[in-house]
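Here is a report on one protein chain.

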Amino acid sequence: MITAPMPVEEKISAAPAVARPAEKKVIIIGSGIAGLACGCYLQMNGIATEILEASLLPGGLCTAWHRGPYVFDGCMRWLIGAQQPSAFHQIWTELGAITGRKIFIHDDMLQIEGLEGETLVVPTDLDKLAREFKRIAPEDSRLIDKLVRDARRCAPLEPPLTPLELMHPFAKARLGLDILPMVPAIMRYKNLPITRYVTRYQNKFMRQALQLIVGNKDMSALVLVMLLAFRTRNNTGFVAGGSWDFAMAIAERYAKLGGTVRYKSKVISVQVEKNRAVGVHCADGTLVPAQTVVSCADGHTTIFKMLDGKFVDKKLLYLYEHCQPFPAIVQISLGIQKTFPHAPHTLNLPLRQCLRVDDQQQYDRLEVETFGAASKLCPEGTTVMTVRLQTRHDFWMELKKNDPPRYRAEKKRIVQEIIVALDQRFPGLGPAVERSDIATPATFVRYTGNWQGSYEGWLPTPRILGRRIPYTLPKLKNFYMAGHWVVAGGGLPAAALAGRYAAQMVCAEQGKKFTATTS
Ligand SMILES: Cc1cc2nc3c(=O)[nH]c(=O)nc-3n(C[C@H](O)[C@H](O)[C@H](O)COP(=O)(O)OP(=O)(O)OC[C@H]3O[C@@H](n4cnc5c(N)ncnc54)[C@H](O)[C@@H]3O)c2cc1C
């Protein structure tokens, strides 16, 4: 990924690369959304912080890359917290992430096209969704009603803004009461794999459509219920300017709050004395002392490399040995000198010929996202389209290492096949493609270090749902973890909330009452 330098980067990278802080600060590892959020909240509470970031830019996975006049967004498709009242809207406001930005809230989630000309537009409104699903599959009306009823019941679900660890017993009881009406629905779906759930439907197209809404075959059916629940509140949207502007706005907020990010500062280990984190060692040989360390970097690297696997227990080992990260992906992005006014924002379509993405996986469908000029990702009269496909992490890592010419050839082949496939659905697209790009798992690993190329931390499978992932490690003091590796399902809101929770825990450790501001 190549990203154009932005003014904010110069501002926040002004700190000398190897300078030692005069006082002991809270050292945060990683300037992804979790690291930036944690830094913002600690600065708001008068606690001095410094973020050490391995790469050249803030944002981590929340990024984009610029190609000519096009911005290829490497992350945001939909963001929870688009509207008030909502806990995540409050967080984005506190972090300055969405202030003054247009948010596109669509009436539908996606359009699914079948091989025999069937089309299903999945509305976000649950009444409309029930009608549309029953139009396609009247024979499954009973199941559809039940699904919609459960989604409606879960729609009010909001995360608490205080971590359970710090919550007053009354607040905990209140939270329990709020969640109580949702519990039966949650229990009904939590342990049910989506593949098994969809077999209950008689209608073949409906079975396929429900699976496509969820995406991954290994996920729990609860993901389907929660997706419908979140979307029906009209609280999810795409923020104009996309991931790049979103991440830069938070980085700017952090800089304004007095925080510093040191770029090109890869942390290789955490210095521990008497079971207490006291600093970090960087790859350039620097030892940065710390009052407290918060790792917002990859979970596996933090626990098993930076800390040598010395602070683990059975529960943590189970997580890393038996639970599944989100799969790696390839992302193909096209900058097109043409507009497609009738293209759905998200379209899942069948392919005439299967598309092979690695040595084992091939697809007979693909999902394409379309962005026009209003998205601020491309100029008037042009379009950006992106396609993401799950793939095998090891295939791309080995190819890049052992056979670079084939790595390049495979990337080129996939881009060309995608252009041909999209041209069949959108005639005239092929010749109008002005720029193209493909990011592989090797790209994501190189820029963010995420374990096995996971793009969102832990996959919400029946195995992990309901499991609490701790923010601290056994027997290690003055050390916290935050980010999408401490919340099953990951995502931008989870990363930011985890950063907020970690900041609250550090405040509590220092005897400070936590406050959050919006300016
Ligand atoms: C293609 C794609 C689409 C997505 N779509 C959505 C979406 O639509 N909605 C949504 O909510 N979420 C989406 N996500 C998920 C979301 O981007 C992530 O869950 C979130 O950004 C994770 O943030 P984080 O701060 O926890 O981790 P990261 O973004 O991984 O940040 C970790 C940071 O730590 C740095 N780091 C790592 N190791 C070290 C080290 N040793 N020393 C110093 N620094 C280090 C990395 O460089 C990185 O900057 C998507 C992700 C991808 C890739």
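Of the 519 residues of the chain, 47% count as buried. The model is predicted.

Next, the overall dimensions. A compact globule of 519 residues would have a radius of gyration near 24 Å, and the chain has 23 Å, so the two agree. The C-alpha trace spans about 65 × 55 × 45 Å along its principal axes. The chain holds 18 helices and 19 strands.

The domain assignment gives these parts:

| Domain | Residues |
|---|---|
| domain 1 | 11-54 + 254-324 + 477-509 |
| domain 2 | 124-233 |
| domain 3 | 327-451 |

The C-alpha centres of domain 2 and domain 3 lie 30 Å apart.

Now the sheet. Seven strands form an open sheet with mixed pairing, in the order S8-S7-S15-S16-S17-S14-S18. Strands S8 (119-123) and S18 (433-439) stand at the edges; each has a single partner strand, so one side of each lacks a neighbour in the sheet. On average, neighbouring strands of this sheet are turned by 25° against each other, direction ignored.

Strand S7 (residues 108-113) runs antiparallel to S8, and five bridges join them. Here Leu-110 stands opposite Val-122 in S8.

Finally, helix H14 (residues 393-402). Its buried residues are His-393, Phe-395, Trp-396, Leu-399 and Lys-400.

Methods:
Residues are numbered from 1 along each chain as its sequence is written. This is a predicted model: local features need pLDDT of at least 70, side-chain atom pairs count only at pLDDT 80 or more; totals for chains, interfaces and linings use all residues. Two strands pair if DSSP finds at least two bridges between them. Helices (H or I, at least four residues) and strands (E, at least two) are DSSP runs, numbered from the N terminus. Axes are lines fitted to C-alpha atoms, for helices over the stretch in contact, and angles run from 0 to 180 degrees between N-to-C directions. A residue is buried if 20 or more other C-beta atoms lie within 10 Å of its own, exposed if 12 or fewer, and partly exposed in between; C-beta atoms are placed from the backbone. Domain bounds come from an automatic or database domain assignment. The radius of gyration is taken over C-alpha atoms; the globule rule is 2.2 Å times the number of residues to the power 0.38.
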